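Please read this short report with the sequence and the 3D view side by side. Each heading covers one topic.

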Amino acid sequence: ARWSGGQLGEAPTGLLLVYPTCLVAVLEGDNHQLMALLRDIRAEDVFTHRLQDTRVVSFVLDAQFAQFSRWRTAYVRGREVRAARILSESDWGKAVQEVETFARLAGAQLSRPGGEAAAEAMLRDPARAFGTLPQPTDVLSLVASEVSPTVEAFLAGFDTDYHRYCALVGLVEREEAAARGAGLQGTEHPLRRDPQLRRLARFYGPHLAQERERREAEAARADSPLARFYPKPPLQA
């Protein structure tokens, strides 16, 4: 779930449900904040986050409220389940619905009166506290299903503001460079003071910088005399 009622800079809320071989993350927060967070767990950064595969199976853009009051983590004890099954479209829908139902119930129970002590007691034994948990076999099957979009595919389809931010930054930099070339020193582009662009920069600025660094590194490797001794990486779709 993604909600638009938070203040800039607030931490995401939700629940991380950790099984021995997989996990379920329910993330809530500002749309741009969560899109930026998803960019941190793309497949290309696997050596940082150590997640073999990540899928987005349910989302709500601009939801009006958060189901969780803060970010929490619960560990589920049990045997290691590594086998996934092939899901039909109806089975996929049922598995997603079970995850959504669990998220709503867990959020409601963790928000009940009783304070942190009651919530922490629930998290110590989530299977007992919440009754029905998403089954690890279903979680692994959702990840393996072609119906479940990868993080990259989800961002490409829904994070249009990131591409808009990159285009605006490129426009600003080109026009500022043209102004400097014309001898107009110290002229700041008006868009740099635009509140919306500044807000996007808060979330997307580091990712644009990383993307530029990656492109520069790839270009440097391509120009290296040693490049011919190393196979080129496969093209990404």
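## The chain as a whole

Of the 237 residues in the chain, 34% count as buried. Buried means under 20% relative accessible area, exposed means over 50%, and partly exposed lies in between, with a 1.4 Å probe and protein chains only. This is a predicted model: local features need pLDDT of at least 70, side-chain atom pairs count only at pLDDT 80 or more, and totals for chains, interfaces and linings use all residues. Residues are numbered from 1 along each chain as its sequence is written, and side-chain values use heavy atoms, with hydrogens and water left out.

The chain exposes about 15000 Å². Carbon and sulfur atoms supply 55% of that area. Accessible areas come from the Shrake-Rupley method with a 1.4 Å probe; for residues, only the protein chains shown count as cover.

## Helices and strands

The chain has nine helices and three strands. Helices (H or I, at least four residues) and strands (E, at least two) are DSSP runs, numbered from the N terminus. In sequence order the pattern is β-β-α-α-β-α-α-α-α-α-α-α.

Now look at contacts, meaning heavy atoms within 4.5 Å. Take those in the chain with a separation of 6 or more: residues 24 or more positions apart account for 79% of them.

## Helix α8

α8 has 22 residues. From first C-alpha to last it reaches 32 Å, close to the 32 Å expected at 1.5 Å a residue. The expected span is 1.5 Å times one less than the number of residues in the helix. G183 follows α8 and has a positive phi, near 85 degrees.

Which residues of α8 are buried? They are Y162, Y165, V169, G170, V172, E176 and A179. These buried residues pack against α1 and α9 (195–223). In general, an α-helix has 3.6 residues a turn, so residues three or four places apart point the same way.

## Helix α9

α9 has 29 residues. It reaches 40 Å from its first C-alpha to its last, close to the 42 Å expected at 1.5 Å a residue. Follow α9 to Y204, where it bends by about 60 degrees. The bend at a residue is the angle between axes fitted to the seven residues ending there and the seven starting there. A proline, P206, follows within four residues.

The buried residues of α9 are L197, L200, F203, Y204, G205, H207 and L208. They pack against α1 and α8.

## Salt bridges

A salt bridge is a side-chain nitrogen of Lys or Arg within 4 Å of a carboxyl oxygen of Asp or Glu. How many are there by this rule? The count comes to 16 salt bridges. One of them joins R39 and D159, with the closest N and O atoms 3.1 Å apart. R39 lies in helix α1 (residues 31–39) and D159 in the loop between α7 (151–158) and α8 (160–181), so the pair ties together parts that are 120 residues apart in sequence. Both R39 and D159 are buried.

R55 and D53 also form a salt bridge, with 3.3 Å between the closest N and O atoms. R55 is partly exposed at 22% relative accessible area. D53 is partly exposed too, at 38%. A further salt bridge joins D161 and R164 (3.2 Å, N to O). D161 and R164 are three residues apart in helix α8, so about one helical turn separates them. D161 is partly exposed at 22%, and R164 is partly exposed at 33%.

## At the surface

F59, L61 and F158 form a nonpolar patch on the surface. Together they have about 240 Å² of accessible area. Patches are made of residues with over 30% relative accessible area and no salt bridge; like charges are joined within 9 Å, and nonpolar side chains (Val, Leu, Ile, Met, Phe, Trp, Tyr) within 5 Å. L61 sits in the loop between α2 (46–49) and β3 (71–75). L61 counts as partly exposed because its relative accessibility is 35%.

R50 is also in the loop between α2 and β3. R50 has a positive phi of about 65 degrees although it is not a glycine. R50 is exposed, at 64% relative accessibility. R124, in helix α4 (residues 115–124), is exposed at 55%. R124 and T73 are 51 residues apart in sequence, but 9.4 Å apart in space, C-alpha to C-alpha.
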